[in-house]
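Reader: I'd like a close look at one thing here: how the side chains pair up. Take me through it slowly, cut-offs included.

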Amino acid sequence: NTAIEKLKVLLTEVEEGSLDEALTLQTLGYAVMSNENFAGAIRYLKRSLDTEKLPQNVVYNVGYMVAQLHAALGEFEDALTFAETWFMQLEQPKADQYIFMANIHAQVKNHAQSIPYAEEAISLAEKPKATWFQLLAANFFELDRFGEAALILINMTSLWPDNTAYWEQLAGVYMVMEKPQKALATLKIAFDLDLLEKESSLKSLVQLALMQGIPEHAARLLEDAIAAELLPLEELSLIHISEPTRQAEI
């Protein structure tokens, strides 16, 4: 708070339109941001940029910060407007900067525009994060491009084979695509890896086996699930030939 007060005084003393004013506004913006006053920080940082006196490398950093602050406030349309201008100025954007753009576009339902940013981020990163793949799969799913969503989820099950959710989501996408055989195979792999624990997933696995005309296989799966105490014995009567629950939400 003391720094903020001193900077406000300094702001009245520096020459208007000078580098000193630009740097004072920038520092004031960061100080206010540290006080969690994001709206105030945006105002000061934008004023700093408006002076057009900041060095170009500093302009990039400040522009990125303004876009992030708008996003933190849930002002995604404003974040996108500012981020697009900032991004165009970058000579060689990094993976984190690409995924930031992908996230902003996804937040405003620009799923088609989000996809190339997410793909580029994944290709540039030495170790892309799981959330980046999740974002890409979700974009494809929202656009009803289920085949491409399935390919992303297949990749995710290879990279993170112990994550139950990815197997369940992949099976769900196959059900939406009306490919029950692939859904069955996916859930069976997850079951063999001791990953299935939710009753709904186990029931879907058994129902899929019944639908594919292999009741003996369904019976063995059911027996194994009950033996492992994953499915209560009293649930047996609730298993019937019906369409399994579609767990396709990503």
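**Side-chain pairs, up close**

Author: Let's start with charge: Asp192 forms a salt bridge with Lys188, and their closest N and O atoms are 2.8 Å apart. (A salt bridge here is a side-chain nitrogen of Lys or Arg within 4 Å of a carboxyl oxygen of Asp or Glu.) Bear in mind that this is a predicted model, where local features need pLDDT of at least 70 and side-chain atom pairs pLDDT 80 or more, while totals for chains, interfaces and linings use all residues. Residues are numbered from 1 along each chain as its sequence is written, and side-chain values use heavy atoms, leaving out hydrogens and water.

Asp192 and Lys188 sit 4 residues apart in helix H11 (residues 180–192), so about one helical turn separates them. (Helices are DSSP runs of H or I, at least four residues; strands are runs of E, at least two; both are numbered from the N terminus.) Asp192 is partly exposed at 48% relative accessibility. (Buried is under 20%, exposed over 50%, partly exposed in between, with a 1.4 Å probe and protein chains only.)

The count comes to 2 salt bridges. Glu148 also bridges to Arg145, with closest N and O atoms 2.7 Å apart. Glu148 is partly exposed at 31%, and Arg145 is partly exposed at 33%.

Now the rings: the whole structure has 10 aromatic pairs. Tyr64 and Trp86 have ring centres 4.5 Å apart and planes at 0 degrees, so they're stacked. (Phe, Tyr and Trp rings, the six-membered one for Trp, pair with centres within 6.5 Å; planes under 30 degrees apart are stacked, over 60 edge-to-face, the rest tilted.) Trp86 is buried, at 2% relative accessible area.
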